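The sequence and structure follow.

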Amino acid sequence: MLQENHSEARTLGADLRALRKARGMTLVELADQLGRSIGWLSQVERDKSTPDPNDLNDIAKALDISVASLLYYETPPDEEGLIVRRDARRPIRSPVPGLAEELLSPDLTDDFEVVHSTFAPGSKQTNWVQRGTQEIAYIVSGSLRVWVQDYVFDLEPGDSIRLRGQPFRWANPNHETCVAIWVIAPPVY
C-alpha cells in the first residue's frame, strides 16, 4: 500500500476559508457580516479557535450553506482526507424541493468538489442558476432535462454535460429518481 503524508487533513477552518474565497468574500467582509472581529475569524480559519454552535449557525447563514455541511463524521486516521464512506457523506442544503445533495469530496480544500445529487420525480429548478464555476455532471441513473441558455438537453444514464458559467436550470419530469455526480471547480458548497 502506498503511504502518503496526510498532514493536509480536512478541518473546519480550511473548509470555511475555501467557502469564503469561493464566494469572493474577504475576511473583513465575512467578519463584518458576522459581527465578529477579523482576528477571531482568522483564528477560526486557522483552527486556533472553535466557533460555538451559535457562531456556526451564523457562519452557515452568511455562506448560504447548511450547518450539517460543516460537521464531520468520525473517520479512521488512515482514511482521513482520502475516503468518504457512504454513511458519512456531508449533506448540502438545497433550496429546491426534491433535490438532495451530499458532498463526496473529503473536504473543500481542493480546486474542485464532487457532489452526489438526487433529483426526485417532478422536481425542478425554476430560476436560472449562474455561477463562476466550471462543472461537469454525469447521469448515473434516471434522466434529467437541462436548459443551458437557449438550448434544452435530455440527459440519460451515461451522459454528461459541461457548464462553464452559463445560466442553466433543470427538471426531472419523469416518474423515476435521477442520480447525478457533479464535479465543480472551484468548490461552492
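This is a predicted model: local features need pLDDT of at least 70, side-chain atom pairs count only at pLDDT 80 or more; totals for chains, interfaces and linings use all residues.

The axes of the two helices approach to within 11 Å, crossing at roughly 25 degrees. Angles under 35 degrees count as roughly parallel, and helix 1 and helix 4 are therefore roughly parallel to each other. The crossing of helix 1 past helix 4 is left-handed.

The helices discussed here have these residue ranges:

| Helix | Residues |
|---|---|
| helix 1 | residues 12–22 |
| helix 2 | residues 27–34 |
| helix 3 | residues 38–45 |
| helix 4 | residues 53–63 |

In helix 2, the buried residues are Leu-30, Ala-31 and Leu-34. Viewed down the axis of helix 2, these buried residues fall within an arc of 100 degrees, so they line one face of the helix. They pack against helix 1, helix 3 and helix 4.

Ala-62 is part of helix 4. Is Ala-62 buried or exposed? Its relative accessible area is 16%, and buried means under 20%, so Ala-62 is buried. Apart from neighbours within four places in sequence, Ala-62 contacts Leu-30, Gln-33 and Leu-34; of these, Leu-30 and Leu-34 are among the buried residues of helix 2. His-175 lies 113 residues from Ala-62 along the chain, and their C-alpha atoms are 36 Å apart.

Technical notes: Residues are numbered from 1 along each chain as its sequence is written. Side-chain values use heavy atoms; hydrogens and water are left out. Axes are lines fitted to C-alpha atoms, for helices over the stretch in contact, and angles run from 0 to 180 degrees between N-to-C directions. Helices (H or I, at least four residues) and strands (E, at least two) are DSSP runs, numbered from the N terminus. Angles under 35 degrees count as roughly parallel, over 145 as roughly antiparallel, 65 to 115 as roughly perpendicular and the rest as oblique. A crossing is left-handed if the near helix is turned anticlockwise from the far one by less than a right angle, and right-handed if clockwise. Buried means under 20% relative accessible area, exposed over 50%, partly exposed in between (1.4 Å probe, protein chains only). The arc is that of the directions from the helix axis to the C-beta atoms. Contact means heavy atoms within 4.5 Å.
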